[in-house]
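Trainee: I have a model open and would like to learn how to read its features. Could you walk me through a few?

Mentor: Gladly; let us look at it together.

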Amino acid sequence: MGWGYGLWVGLVCTVAVGTQAQTPAPKGQPIEILNSDRLTETRGDTGFVVRRLIGNVRFRQDSTFMFCDSAYFYPRENQIEAISRVQIVTPNETGGRLRIYADNLLYDGRTRIAEFYDNVRLTDGRATLYTERLYYDRNRAQGYYPDGGRLVEDENELRSRIGYYYSPQRLATFSTEVVATTPGYVMETDSLVYETQIKKTHFVLPTTIRSDTEQTLYTEGGYYISTPRELLLYQNPWARDSSYYLHADTLYYRDTVDWGEAHCNVVLLSHDQTTTILGETAFFRRATQETWVTDNALLIQTSEDDTLNLWADTLYSINDTVRGIRELRAYRNARFAAHDLAGRADSLHYDRTDSLLTLLGDPVLWADRTQLSGDTILVRFRGTGPDTLWAHSNGLILSHVREEYYNQIQGKRVRGHFADRQLRWLEVVENTEVIYYPQNEDSSLVGLNLTRSGSMQMWLEQSQPRRVHFYVGITADVFPLHQVTRDQLFLSRFRRRADEKPYLYYVPITRAAESAPAVPEAGGGLP
């Protein structure tokens with residue numbers, strides 16, 4: 001975020017600090033006339049005295065000097081009315097000088113309250129405050145402008161209707177129509193509290209923060225530290241850009257390293273509300289559009305004809321401002337479920353550029369009632385559904401028949417094709433072994449068919465084989481069911497994993513997602 005907000009507020013603060021840092025003059029110390037080109041004096045019957053000073057007028061009270069074109073000085077009341085090209089010069093706590101300019105000034109030397117009017121300008125040489133009316137009470141060390149002010153420092157600007165400064169506490173408050181502008185950000189609220197010593201700004205009312213990268217943040221409580229540019233939002237915060245809406249109990253940004261965090265009840269929602277990511281902790285880099293979501297991470301994606309749930313210990317995504325998630329990775333205990341497809345692995349990777357899903361680390365895939373496993377599984381998507389799959393090394397395919405009987409295929413590599421979200425064709429190559437249970441018309445089992453070959457192809461309907469072709473070095477044995485021993489029921493790599501299969505179920509989205517604000521159209525999600 002990186003705005004020099006402390007310097008802006010520090011300028012108003014310097015008015016108070018500059019006068020407070022000195023040893024205060026005794027209350028009522030006389031104001032001294034240093035110069036005037038012309039002076040006239042008028043006396044009243046009651047002892048009233050007024051002196052009119054014209055041309056190169058100069059006053060002093062303790063270490064503060066006052067200049068103007070003309071003035072009325074009331075020595076008994078110790079008051080000044082200064083007119084035209086008014087200027088006050090006073091030391092500040094940094095050893096420099098604070099200058100205040102205005103068209104008119106009322107200063108009471110007894111109460112030590114200064115009132116500046118019309119074209120008021122205050123500067124310490126680095127930043128400048130512009131307003132039409134400014135009050136400063138030296139006794140209470142408080143500054144105040146009631147009719148709007150604009151504070152400018154380099155490319156930074158702050159506007160508010162009302163501003164206060166409390167020197168003993170080193171606090172400044174800005175209220176009513178507060179707008180802070182800095183390169184990259186605009187902040188809007190009705191109240192800000194600023195600690196001058198540590199350059200810390202507190203958000204105490206609903207605050208909207210807009211960036212020039214089309215990102216918007218919101219909070220009802222939090223703070224910003226200008227050095228090292230840290231932003232913490234902890235009261236109903238959210239953030240949104242052209243692709244996603246983010247909500248959590250706490251949001252944290254550190255701009256110097258382009259790093260952000262979200263903690264507790266994290267919700268990431270795509271602009272079209274088709275993709276939602278939930279978790280307890282999230283980390284993100286805005287420049288590269290990278291996001292990590294951890295602690296019970298869950299991705300939910302909906303389309304017109306399907307829903308996808310994806311669980312993992314950690315979800316990592318690289319986002320595209322137009323199409324949403326461009327690349328997605330799930331680490332440790334990754335599981336996903338759709339209506340006709342489910343799977344799990346130690347990790348998975350999805351790349352939208354080629355619509356390829358890769359499962360690594362003891363992966364397994366379920367297509368309807370068919371279980372497929374291998375050392376690595378890849379699935380290519382077309383449109384919103386799977387199109388082709390591959391299983392590399394130690395491929396195994398299972399389909400439950402009944403009781404303890406399973407149709408089984410194992411080989412080195414497996415390739416398959418889908419149609420209408422159903423697995424319709426399989427090819428297994430190298431060291432292919434097949435156990436198949438043919439059935440009678442009444443669905444009773446004929447026996448066990450064990451076939452070995454170099455490769456095979458199978459066509460399926462409703463997950464059941466309808467046609468099979470074997471190639472190269474074919475051997476086949478058929479055993480009546482009553483002669484089959486238990487050792488013959490399973491191939492060497494048989495491993496039933498139905499109890500690991502994740503199932504699609506409804507996940508209620510938190511109130512944060514349900515109340516997400518409108519987001520500009522753009523983005524997308526997984527196929």
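Trainee: Does T208 count as buried or exposed?

Mentor: First, the ground rules: this is a predicted model, where local features need pLDDT of at least 70, side-chain atom pairs count only at pLDDT 80 or more, and totals for chains, interfaces and linings use all residues. Residues are numbered from 1 along each chain as its sequence is written, and side-chain values use heavy atoms, leaving out hydrogens and water. Buried means under 20% relative accessible area, exposed over 50%, and partly exposed in between, with a 1.4 Å probe and protein chains only. T208 has 18% relative accessibility, so it counts as buried.

Trainee: Which residues have the most contacts inside the largest nonpolar core?

Mentor: In soluble globular proteins, nonpolar side chains tend to be buried together. A nonpolar core is a set of buried Ala, Val, Leu, Ile, Met, Phe, Trp, Tyr and Cys residues joined through side-chain atoms within 4.5 Å. Here the largest one has 91 residues, and F59, L105, F116, L246 and F336 have the most contacts inside it. Beyond its neighbours within four places in sequence, F336 is in contact (heavy atoms within 4.5 Å) with residues including W311, L341, G343 and L365.

Trainee: How many bridges join strand 28 to strand 30?

Mentor: Strands are DSSP E runs of at least two residues, numbered from the N terminus, and two pair if DSSP finds at least two bridges between them. Strands 28 and 30 run antiparallel, joined by 4 bridges; G343 has L365 as its bridge partner in strand 30.
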